[in-house]
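Here is a short briefing on helix packing and pockets. Keep the structure open while you read.

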Amino acid sequence: LASSLRAGHSFLQSLDMVAKEAGEPGAQEFARVVAEVRLGRPMDDAMNALADRIGSEDFKWALLAVNIQREIGGNLAEILDTVADTIRERDTIRRQVDVLTAEGRLSVAILTGLPIAVALYMAKVNPTYIRLLFTTRLGFLMTLVSTCLLIAGVFWMRKVVKIDV
């Protein structure tokens, strides 16, 4: 889109070029916007409908930049290049955060499954030992408290590991 605008095409012509040269499913969506505008729908409404259909927060930011440029003026190609660079950088940061939190997510899985695995192992190896947890009042209370603490710990660890970018 930015390259087409730099070449001197209008915004609608640039959208048409994107619709023809982009891959699916994006090409179909941009072709729909071009068709809607040619049938008389305002450009802002057609673009907002596209943003709603796509549901991407990054695309909504790009659309906001386009709308601001249309009201204020300026070099739209340069603005689109800046928005594209920002989106690429945000995506890179998202991937880095995913890599850095992978160890924490693995720890959550291991620390959740470990008590269950040990209890199953103990039930297989020494059933009388583990049976006390389910047949006595104190054992049942200990099992209930440990289960509640395990659930609270899982929620806490997941909250620590989940980072919004």
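The model is predicted.

**Helix H2 and Ser4**
- Helix H2 spans residues 11-21, and its buried residues are Phe11, Ser14, Leu15, Asp16, Val18 and Ala19.
- Their cover includes helices H1 (2-6), H3 (26-38), H4 (43-54), H5 (57-72) and H6 (76-100).
- Ser4 sits in helix H1.
- Ser4 has a relative accessible area of 6%, so Ser4 counts as buried, the cut-off being under 20%.
- Beyond its neighbours within four places in sequence, Ser4 contacts His9, Ser14 and Met17.

**Helices H7 and H8**
- The axes of H7 (residues 102-125) and H8 (residues 127-135) come within 6 Å and cross at roughly 125°.
- That angle makes H7 oblique to H8.
- H7 brings Ala119, Met122, Ala123, Lys124 and Val125 to the contact, while H8 brings Pro127, Tyr129 and Ile130.
- By class, this contact has seven nonpolar residues, one charged and no polar.

**Largest pocket**
- The largest pocket holds about 460 Å³ of space.
- It has 18 lining residues, and Phe30, Phe59, Ala62, Leu80 and Ile87 are the closest to its centre.
- H6 gives the largest share of this lining, six residues.
- The lining has 14 nonpolar, three charged and one polar residues.

**Second largest pocket**
- The second largest pocket holds about 330 Å³.
- H7, H8 and H9 (137-161) each supply at least two of its lining residues, and the largest share, four residues, is from H9.
- Its lining includes Ala119 and Ile130, two residues also found in the contact of H7 with H8.

Terms used:
Residues are numbered from 1 along each chain as its sequence is written. This is a predicted model: local features need pLDDT of at least 70, side-chain atom pairs count only at pLDDT 80 or more; totals for chains, interfaces and linings use all residues. Side-chain values use heavy atoms; hydrogens and water are left out. Buried means under 20% relative accessible area, exposed over 50%, partly exposed in between (1.4 Å probe, protein chains only). Contact means heavy atoms within 4.5 Å. Axes are lines fitted to C-alpha atoms, for helices over the stretch in contact, and angles run from 0 to 180 degrees between N-to-C directions. Angles under 35 degrees count as roughly parallel, over 145 as roughly antiparallel, 65 to 115 as roughly perpendicular and the rest as oblique. Ala, Val, Leu, Ile, Met, Phe, Trp, Tyr, Cys and Pro count as nonpolar, Asp, Glu, Lys and Arg as charged, and the others, Gly among them, as polar. On a 1 Å grid over the protein atoms alone, a cavity is a set of points where a 1.4 Å probe fits but cannot get out, and a pocket is an open set with protein on both sides within 12 Å along at least five of seven lines; lining residues have an atom within 4 Å of a point. Grid points are joined across faces, edges and corners, and a volume is the space filled by probe spheres set on the points.
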